[in-house]
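Here are my notes on the model you sent over.

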Amino acid sequence: MNKLLKKSLLWPLAAVAAIGFLSVGCSSNGEFGSSSDAAEKVYVAPGEHDEFYGFFSGGYNGQLGVYGLPSGRHIYTIPVFSQTPTNGYGYSEETKSMLQTTDGFVPWGDAHHPELSQTDGETDGRWVFMNENNTPRVARVGLDEFKTQEIIEIPNSAGNHASSFVTPNTEYVSAATRFSIPMDEKNMENMDVSIDSYKENFKGTISFIKVSDKGKMNIDFQIMMPGFNYDLSHAGKGPSHGWSFFTSYNSEEANTMLEINASRNDKDYIAAINWEKAAEYAKQGKGKMMPGKHYRNYIDHEEGGVAKSEVIEKVRVLDPRKLEGIVYFLPTPKSPHGVDVDPTGQYIAAGGKLSTVIPVHSFAKMEEAIENKDFEGKEQGIPVLNYDSILHGEVENPGLGPLHTEFDGKGYAYTTAFISSEIVKWDIETAEVVDRIDVYYSPGHLMIPGGDSQNPDGKYLVALNKITKDRYLPTGPEMFHSAQLIDISGDKMKLLLDFPTEGEPHYAQAITADKVKERQKRFYEIDDNNHPRATKSEKEARVERDGNEVHVYMTTIRSHFAPDNIEGIKVGDEVYFHVTNLEQDWDVPHGFAVKGANTSELLIMPGETLTLKWEPKKPGVVPFYCTDFCSALHQEMQGYVRVSPENSDTPISYGTGE
Amino acid sequence: MDTKEKIWMAIAALMLIGVYFVPIWSISMDAPQYPEGIGMNITVDNIQGKQKNDLKNINGLNHYIGMKEINPNSIPELKVMPYIFGFLIISGLVIAGVGNEKWILFWLGIFVLLAIAGLVDFYIWGYDYGHNLDSSAPIVVPGMTYQPPLIGSKQLLNINATSLPHIGFYISLLSMGIASTVWWKSKKD
Ligand SMILES: [Cu+2]
């Protein structure tokens, strides 16, 4: 959706881009090729490891892609918001609950912004958070096992775009609604009203999710906001610790043809939120507990690896019109998109996507303006600061359609220009452009490992491009998107590598491999498997009937199942195969698939138990087999289930070898 | 034997207590599919994987070629060995107390004989495991046996097995060395 919007909004300007080039000045690197020593710089010898793990949101595939940098190799895909047949995520009985929402089971998501957890303003390798835009949710993915461990739904939100950004110690993950909706202020109900009553009825919310040391997420409070579209965010750090910044567009509060109607105002706003103060209010019981039904789904290997769902009915809502000092508006030209805080925490750069400059606000000036009540007015009860009073500077000639900025920790900022397809490097202090490089084509986000933290690894930059054409073998109308790796270690940016990515990655983050590798889980201890239907040895393998439910307690080990011959199943039964992988060796998952089952296979990690539900529809003998090539005798890893007619009296029997 | 020699003999006996806490022998296996290595250590009363699940995984691999499961509980030697070392420690202490150097020679003789018997037993154990294969095993390579080397390295299919003494063995050697020195010194006196 976001892509479409950008395209439809910005493509008309593409023609202007050519003229823009002439007047703005040509990019310094006129060619899209890479330098001659590039191959050497991205080469990772066989058996060697990449220096960084990159986490790329999958956009409309709802997943999280893991890439090695600098090689650009695709390492793995972590299923997060979408059912994934690769390992049965969202299909198996253990993981189905992860995709539960108040709208029921939602098997797909639109994943946007991965964000690594931080400690003291630095990435710490514990988790990656990721938001889902369409059905507002935030996920927490554990980097110990590269699995989604928790998903929380965001209530009173209608599109979770400005998410999931963390505060410097992962105190909070923030989330803001992209679409405002008519909300009754008494009970936050989405009202049945005319859409053109937008201005009087529509509201937005910004949510702060508290994260415990163990990772557990809960919505600590929401802030009721004017009915704008909230776009992106970043938390303050250093001197601006305690604040978060959210861009908004459509301060016009238009409800139709936004490409024209939401582009009228010369300035929209960045909402500066004092979350520390808001958290204090919340702690004092200020605001109101309001309806806000939402799901929290979590999976925990200490609890058997079975996902559980809990429903939370209420949420604390703070009203900035009544609780002073928690929200200020910073006027920012023209429909700002990204908002990025530099590593020192002093400057807030906005990507004014229709603006011809990059406005950079000064946090110190903002604080001073608040102190002096230097307001140019109020917007729906929220103080609006004076643009000129808070401005650090405007970066001139930043290319057309500046969207996102990341930092290298050496005093430079890098901004993607969507329309003019380039990355522009500028000096944060002087706000002067010092270098630019063409990218191929139309970059959205960009990423420097740790580039939104207080300590970036300013060696590489990845441009996340929206269009791939011409870069790889053409595949048909749809091509996945391209990423470009750029060397930023010297004065001049140098293109090193193109690599394709899956889905439409929006944002990405990266972390040095060393922070993750040592904590990586290799297998699950079978002794610690607390799954209620685990089978911890072949001797315990069995089949039990309970009415029309049949539970098969099955084990797998190279290269056989126990049992591998099952009889006494009847048409109309609900058969649950609870398959435990007895292996205790790294990298020996076993798969399990039954002919004609209406879900996906299972891929069971060593020491894990997963359950496949199967409802046989016709009599006969049905094979099952291992789907993951596990050993020289993998092909022999198979078995049969005999299915008898519904009213037959075939007794349950099973074989576990001779 | 003078007091100093008695003390040294007592040390030679007492240091054998250390054998209870460290492996005596070690078998390591290298294979391309185990870049992190896999192997087992033999202690005075047990066989343990070098990593937590190594023994389980070795048994898992062995079942393809029809080797018996290595089950420490069913190996009688592991039940006897703690007593053998107990006997050596106590008899060594008695000799140190009595102070008769001829008894040291006797003690050393028994120790060496036991050590040789141990190695022979270990060889026979390895021979049995490597040769008595289940004929219904999935993989039967004609003429192939899987006896690990007594000492040194040997290629067994894709696995390179290395068998070497471990700290417990060297403690025993040191104990013998000290006892020999005591005997030599006291004989000259
Ligand atoms: Cu298998």
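This is a predicted model: local features need pLDDT of at least 70, side-chain atom pairs count only at pLDDT 80 or more; totals for chains, interfaces and linings use all residues.

1. Housekeeping. Residues are numbered from 1 along each chain as its sequence is written, chains are lettered from A and ligands numbered from 1 in the order in which they are written, and side-chain values use heavy atoms, with hydrogens and water left out.

2. Overall layout of chain B. You'll find 5 helices and 5 strands there, taking helices (H or I, at least four residues) and strands (E, at least two) as DSSP runs numbered from the N terminus. Along the sequence the pattern reads α-β-β-β-α-α-α-β-β-α.

3. A helix pair inside chain B. The axes of helix 1 (residues 3-14) and helix 3 (residues 77-98) of chain B come within 8 Å and cross at roughly 175°. Axes here are lines fitted to C-alpha atoms over the stretch in contact, with angles from 0 to 180 degrees between N-to-C directions. Helix 1 of chain B is therefore roughly antiparallel to helix 3 of chain B (the label applies to angles over 145 degrees).

4. Who touches whom in that pair. Contact means heavy atoms within 4.5 Å. Helix 1 of chain B brings B:Lys6, B:Met9, B:Ala10, B:Ala13 and B:Leu14, and their partners in helix 3 of chain B include B:Leu88, B:Gly92 and B:Ile95. By class, this contact has 10 nonpolar, 2 polar and 1 charged residues (Ala, Val, Leu, Ile, Met, Phe, Trp, Tyr, Cys and Pro count as nonpolar; Asp, Glu, Lys and Arg as charged; the others, Gly among them, as polar).

5. Extent of the interface. Chain B puts 10 residues in contact with 12 of chain A. The buried area is about 900 Å², with carbon and sulfur atoms giving 44% (accessible area, 1.4 Å probe, lost on putting the two parts together, summed over both). In chain B, B:Asn53, B:Lys56 and B:Tyr64 lose the most area to chain A, together 43% of what that side buries.

6. What bridges the interface? The rule finds 1 salt bridge between chain B and chain A (side-chain nitrogen of Lys or Arg within 4 Å of a carboxyl oxygen of Asp or Glu). B:Lys52 and A:Glu525 pair up in a salt bridge at 2.5 Å, N to O.

Key: Angles under 35 degrees count as roughly parallel, over 145 as roughly antiparallel, 65 to 115 as roughly perpendicular and the rest as oblique.
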